[in-house]
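User: I am new to reading protein models. Can you take me through this one in short steps?

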Amino acid sequence: MAALFDSFKVGGLELKNRIIMAPLTRSRANDADGVPADFTAEYYSQRASAGLIITEATNVSEMAKGYVRTPGIYDQEQIDGWKKIVAAVHAEGGKIFLQIFHTGRIALPDFLPGGQQPVAPSAVKAAGQNYTDSAGMKDFVVPRELTKDEIKATVQDFAAAARNGIEAGFDGIEIHGANGYLIQQFLSTNVNERSDEYGGTIENRARFLFEVVSAVTEAIGNERTGLRLSPGGEFNDIKEDDAEELYDYVVRKLNEYNLAYLHIGTFDQTRNWHPVLRPIVKSLYFAGVGFDKASGEKLMAADGADAIVYGKWFLANPDLPERFRTDARLNTPDEATFYTPGEAGYTDYPFLEKADAA
Ligand SMILES: Cc1cc2nc3c(=O)[nH]c(=O)nc-3n(C[C@H](O)[C@H](O)[C@H](O)COP(=O)(O)O)c2cc1C
């Protein structure tokens with residue numbers, strides 16, 4: 001059985017431990033052009049002792065943007081911005097994957113070119129609200145149903161984003177298929193009301209996901225492609241009435257793609273999916289959501305995962321592996337600064353002082 005501090009190989013990469021930094025949206029990019037901030041290089045390089053960093057979700061196109069101040073990876077300026085960040089992480093000996101996404105119906109017209117309606121599998125509005133800098137909280141809107149041509153173009157946006165990520169120097173790409181964004185909107189039973197080959201049966205609802213996975217793996221190679229899923233997750237008003245059968249189908253079919261890893265993490269989960277999925281996943285299995293050192297070690301010791309993904313603890317503790325190694329105390333995450341602009345609550349979480357080590 002592997003332990004948190006054992007090195008391992010992911011695709012062609014040698015990772016120094018199995019403590020993975022979760023993808024965390026931090027809303028520090030330049031809102032107008034989606035270029036990541038220069039100080040983001042410091043934030044990620046501070047966390048380079050992770051076995052692997054997975055970046056914040058990054059927009060594959062202008063239509064993908066669903067949150068204020070989120071970065072993109074669809075034009076040269078953005079690629080150049082990310083290059084500096086990747087170089088800073090590599091200079092500290094870290095490895096870093098770029099998480100790419102499309103938010104679908106979770107976008108507001110405020111974020112989209114020309115104030116357009118967001119797009120989705122079907123014209124089904126999400127319950128709830130989203131934050132804008134200009135007018136605070138706003139209700140989600142009814143999205144426009146994607147045409148088949150637009151679906152094909154969106155698949156190509158994911159492939160282009162993946163290629164751009166590799167051009168920026170990333171060690172690989174994580175496709176975001178979780179948390180109620182476009183891919184999970186297709187997988188769901190409540191946002192997908194389509195009657196064409198993208199809706200209805202499980203096979204049809206999973207078609208968009210597999211077209212994205214095929215296009216990305218063809219663009220950059222399966223060994224550089226990871227995928228996050230959140231089985232049964234209801235975040236962003238998602239329902240999957242047949243989650244058990246759906247993810248059994250999806251995960252078995254993913255086995256044919258020989259991905260670098262599958263990252264499973266449902267952060268509003270009402271059941272524990274790891275014991276359900278781990279036995280049928282043939283790729284490396286990264287387990288996320290709600291772990292601390294003890295519960296991560298326990299799952300690893302039971303062969304319940306190949307690595308553990310840490311969100312809030314990594315956000316607040318740039319040197320999390322060292323703190324775990326020494327059983328040191330942990331900084332507390334400050335929710336008030338999760339998504340605020342600037343460096344407060346971002347690059348200023350203190351490193352362990354030698355005296356603090358147990
Ligand atoms: C501030 C914040 C931003 C997040 N942004 C993303 C994201 O961009 N992509 C993603 O897949 N998950 C995102 N998540 C979910 C985390 O990856 C992770 O699943 C969650 O924090 C639960 O893990 P934890 O208990 O270790 O914190 C976010 C969570 C937080 C707290």
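Analyst: Start with a term: two residues are in contact if their C-beta atoms, placed from the backbone, lie within 7 Å. This is a predicted model, where local features need pLDDT of at least 70, side-chain atom pairs count only at pLDDT 80 or more, and totals for chains, interfaces and linings use all residues. Residues are numbered from 1 along each chain as its sequence is written.

User: Leaving aside neighbours within four places in sequence, which residues is A178 in contact with?

Analyst: A178 lies in the loop between β10 (172-176) and α4 (182-187). Helices (H or I, at least four residues) and strands (E, at least two) are DSSP runs, numbered from the N terminus. Beyond the neighbours within four places in sequence, the contacts of A178 are Q184, R228, L229, S230, G233 and G265.

User: Is A178 buried or exposed?

Analyst: A residue is buried if 20 or more other C-beta atoms lie within 10 Å of its own, exposed if 12 or fewer, and partly exposed in between, with C-beta atoms placed from the backbone. A178 has 29 C-beta neighbours inside 10 Å, so A178 counts as buried.

User: And A135, is that residue buried or exposed?

Analyst: A135 sits in the loop between β7 (129-132) and β8 (136-139). Its C-beta atom has 9 others within 10 Å, so A135 is exposed.

User: Which residues of β10 point the same way as G172, and which point the other way?

Analyst: β10 is mostly covered, with five of its five residues buried. G172, E174 and H176 point one way. The other way point I173 and I175.

User: Which residue of β11 stands opposite I175?

Analyst: Two strands pair if DSSP finds at least two bridges between them. β10 and β5 pair in the parallel sense over four bridges, and there L98 stands opposite I173. Four bridges also join β10 to β11 (residues 225-229), and these two run parallel. In β11, the residue opposite I175 is L227.

User: How far apart are the end C-alpha atoms of helix α2?

Analyst: Helix α2 covers residues 76-91, which is 16 residues. The expected span of a helix is 1.5 Å times one less than its number of residues. For α2 that gives 22 Å, and the distance between its end C-alpha atoms agrees, because it is 22 Å.

User: Which elements do the buried residues of α2 pack against?

Analyst: The buried residues of α2 are Q78, I79, G81, W82, I85, V86, A88 and V89. An α-helix has 3.6 residues a turn, so residues three or four places apart point the same way. The buried residues of α2 pack against α1 (40-46), β4 (52-59), β5 (96-101) and α3 (148-167).

User: What is the radius of gyration of the chain?

Analyst: The secondary structure comes to 11 helices and 14 strands. The radius of gyration is taken over C-alpha atoms, and the globule rule is 2.2 Å times the number of residues to the power 0.38. For 358 residues the rule gives 21 Å; the chain's own value is close to that, so the chain is as compact as a globular protein of that length, at 19 Å.

User: Which residues come nearest to the ligand?

Analyst: A residue is near a molecule if its C-beta atom, placed from the backbone, lies within 6 Å of it. There are 21 residues around the ligand. Those that come nearest are A22, P23, A57, G311 and K312.
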